[in-house]
Amino acid sequence: MYELMTMASMMEDSPNAAKRPNFSAISNSNSNGISKTNSVLMVKSGVAKKLVIKNFREKPKLPEDYHAETWKKLKEAVVAIQSSTPISYCLEELYQAVENMCSYQKASQLYENLREVIEQHVKETVEPYIRGVQDRKIFLKEMEACWQAHCRQMIMIRSIFLYLDRRYVLQTPSIPSIWDMGLELFRKHVIGQQLAQTRTVDGLLMLIESERQGDVVDRLLLKSLLRMLSDLQIYQDVFEHRFLQATDALYTAEGRRLMQELDVPEYLAHVDKRLQEENERVLHYLDGGTRWALIHTVERQLISEHLGSLLAKGLENLLDNNRIQDLSLMYNLFSRVKNGLVELCTHFNSYIKKKGRTIVIDPEKDKSMVQDLLDFKDKMDNIVLTCFQKSEKFVNSVKEAFEHFINQRPNKPAELIAKFVDSKLRMGNKEATEEELERLLDKIMVIFRFIHGKDVFEAFYKKDLAKRLLVGKSASVDAEKSMLSKLKQECGGAFTSKLEGMFKDMELSRDINVAFKQYVANLRTDFDSAIDLTVNILTMGYWPTYPLVEVNLPKEMVQYQEIFNKFYLGKHSGRKLQWQPTLGQCMLKAIFDNGKKELQVSLFQALVLLLFNESEDLSYDDIKTATNIEEGELKRTLQSLACGKARVLMKEPKGKDVTEEDKFKYNLEFTNKLFRVKINQIQMKETNEEQKATEERVFQDRQYQIDAAIVRIMKMRKTLSHQLLVSELYNQLKFPVTPVDLKKRIESLIDRDYMARDKENPKQYNYVA
Amino acid sequence: MKVKIKGWNTVAVWKWLANDDKCGICRAPFDGCCSDCKVPGDDCPLVWGVCSHCFHMHCIMKWLAAQQNQICPMCRQDWQLKSE
């Protein structure tokens, strides 16, 4: 009864059947599930009621030749399966037979018999057949067919012998399952034979190779055979190693060849294609475990090996031509190999340095330098953003490179940036809306950040800002303020305090002028108050220093000046005012034959024109004595009035330049289509001298800063070696200095007794209190 | 009259009417401000004593606060503000 039950359950669901023996072993009871329920019941009810199952009293006997007969039947079936002929028995009957054999302790013998039959078949039928196939391509097909047939047969056989597999083989660890036995035999007798193995592997390699050459091959065949190798567990030993070797050799050669033949973008595209192909190969037929080694081989032979020459040959070109896609590809490919990105980054960095240097270093390109820098920065940023995935390493590299090359040429970039900003903030720059201007300023600040000598920038910026403010040429107060706050953010309050002071002066002046107008209105004088006087009061120190010039003003103007003086000093005692005629501007009402005009002129121009109220003809010398304007300035002024676009004076003799023998006359026939005419002062071109003067001032300031830093350090340290002092100085000073400069300052301080050389060690300094 | 001035926009720089370049107390130039201030001008004015010496107001106040006798640090005469 026990056996019947087990059998029945086994037939219903075989997975459970495998577990059943185990269960009974653990529970240490010879009963089935019922006893478990019973024991639970027992505990619950406390009533002991045992269900005992007894064996048959007597085993049923089998006929003597039952084993032999049964085996014959089974063998017949196996052979029929192997030779693909119909089986003459019902499958259930065969299954029953196997089961019976097992029940009567014939399992091990049955297993041995089965093994023999299969081995014989494999060895004597399959192997010779395979050996007989000569053609390489057909061989692979035949091999695959044999393998498939073998598998099919083994599945069938295993199904019939399932009971044996479960009942006997599973419980006997030393022997392989029927399926594994089938594999083992196939491995041993078919593929294990040197010839067959070599031919299979060679054939596979040949197929793959021809696929790599671009031919279409039977991928299913490849897949099936490779699965066979995997199933037989010889994939790695006989195939993978040789496959990788072949791959390596192929791509070594291909890499070398194509590096010569193709240009870099083509080569990269090719590598990309190859990698994709190999990936597909893994997906379609190779064993998944090969992927890493295979891809790695391709990467090594096609990328790593040629890193240096790819970069040297192609990077510059790609960057020059802004080949976004190729650069992205390059980044992606290089990111696959060790050091790829490091190398790329290094080359990228030196490219920027090289290109940047050409922008900065050539004085002939000064005009477009800042715009070029902005464009270049934009381009590089864009490349980092879109091609190099905004990698931090590259972002930093761009910064480092810019900082490096921009400072290759001292001072000039700083000066040109200041000028560039001036041109953008000046009135008449209508090319940009406010937002555009704001964005542009932000970009300029980025460039500015790289500059070491920021004091040079400040000096030039201050000069231009003063001009914009005093001449009223600033396009927008908002833009000015925004630029100022950017500078403050970048360099700190100390840097911008003077610039802020300038704005403050302008605001104060506005208030003062409003008050002054009221003051003048309340003045009861017989004085003809026709002049609308506006004075900008500057605080010394905030503004650039302007040369002191004395000129002769007409009586009327002097009077006005005095009124203002009185007014101002009444409000601010203890001060005096120093007038700056160079920065003055006038609005004149002039009468010509064709009607009245308003002339917008500089103070100097006005002074000259006013002289012609008294007389018709004036010589150069007359004008010079009357106005007391400095010679060069006067010549420029006269030139602007008599030789410029709007000629309100006539010069005798005519000519482009003014000489000391010239005579001048008021031009009554002056015409202009506008009512209000602006007569441009001929700007003294910002000569080299003027630039040098500004630079000189900067250097002067720097010397004081160096001195201060040295004394500060020495006061703290008392004694310090030359080297340490210099290195501390480099830490503290924010502008570029040469060791020679530092030495000079140290010498000077020693001379002035701020410090002294140590008597014993000349390389050491002592602070002198 | 052929030409007449209608408007005049000009520039002047203000300076302290001091009899020295530097403040005798803080040694900073009068064009600048005392060591505690940042902005020259009305926020950091100068004062004159009857003795004709002149200092940053902040400087002389500090000095006087630290002394028992209210004397000018330059000439040791009694310190008195010169009235305007």
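Mentor: Start with a hairpin: six residues link strand 9 of chain A to strand 10 of chain A. This is a predicted model, in which local features need pLDDT of at least 70 and side-chain atom pairs count only at pLDDT 80 or more, while totals for chains, interfaces and linings use all residues. Residues are numbered from 1 along each chain as its sequence is written, chains are lettered from A and ligands numbered from 1 in the order in which they are written, and side-chain values use heavy atoms, with hydrogens and water left out.

Trainee: Which strand does strand 8 of chain A join?

Mentor: Strand 8 runs antiparallel to strand 10 of chain A, with three bridges. Here Thr719(A) stands opposite Asn766(A).

Trainee: What is the order of the strands in this open sheet?

Mentor: The order is 8-10-9 in chain A, with antiparallel pairing. Strand 8 (719-721) and strand 9 (755-757) are the edge strands because each has a single partner, so one side of each lacks a neighbour in the sheet. The twist averages 25 degrees from one strand to the next. Angles run from 0 to 180 degrees between N-to-C directions, and axes are lines fitted to C-alpha atoms, for helices over the stretch in contact.

Trainee: Which helix packs on this sheet?

Mentor: Helix 30 (residues 722-732) of chain A touches strand 8, strand 9 and strand 10 of chain A, and makes about 90 degrees with strand 8. Contact means heavy atoms within 4.5 Å.

Trainee: Where does chain B pair with chain A?

Mentor: Strand 1 of chain B pairs in the parallel sense with strand 1 (residues 532-539) of chain A, over eight bridges. Asp532(A) is opposite Gly7(B) there. Strand 1 of chain B also pairs with strand 2 (residues 575-592) of chain A, antiparallel over 12 bridges. Leu588(A) and Ile5(B) are bridge partners.

Trainee: Why is strand 1 of chain B called largely enclosed?

Mentor: Buried means under 20% relative accessible area, exposed over 50%, and partly exposed lies in between (1.4 Å probe, protein chains only). Of the 14 residues in this strand (residues 3-16), 10 are buried, so the rest of the structure largely encloses it.

Trainee: What makes Asn536(A) buried?

Mentor: Its relative accessible area is 8%, and the cut-off is under 20%, so Asn536(A) is buried. Asn536(A) belongs to strand 1 of chain A. Leaving aside residues up to four places away in sequence, its contacts include Asn9(B), Thr10(B) and Met506(A).

Trainee: How do you know that the length of helix 25 of chain A agrees with expectation?

Mentor: The expected span is 1.5 Å times one less than the number of residues. The 17 residues of helix 25 (residues 555-571) should span 24 Å, and the end C-alpha atoms are 25 Å apart, which agrees.

Trainee: Which residues of helix 25 are buried?

Mentor: They are Met557(A), Tyr560(A), Gln561(A), Ile563(A), Phe564(A), Phe567(A) and Tyr568(A). They lie on the same side of helix 25 of chain A because they cover an arc of only 160 degrees around the axis. The arc is that of the directions from the helix axis to the C-beta atoms. The opposite face carries the exposed residues Lys555(A), Glu562(A), Lys566(A) and Gly570(A).

Trainee: What do the buried residues pack against?

Mentor: Their partners include helix 24 (493-522) of chain A and strand 1 of chain B.

Trainee: Where does UniProt place the RING-type domain?

Mentor: An unreviewed UniProt entry puts "domain: RING-type" at residues 34-76 of chain B. UniProt positions follow the numbering used here, feature names are shortened, and annotations may be inferred rather than shown by experiment. In the model, that span is 23% helix and 14% strand, and its end C-alpha atoms lie 21 Å apart.

Technical notes:
Two strands pair if DSSP finds at least two bridges between them. Helices (H or I, at least four residues) and strands (E, at least two) are DSSP runs, numbered from the N terminus.
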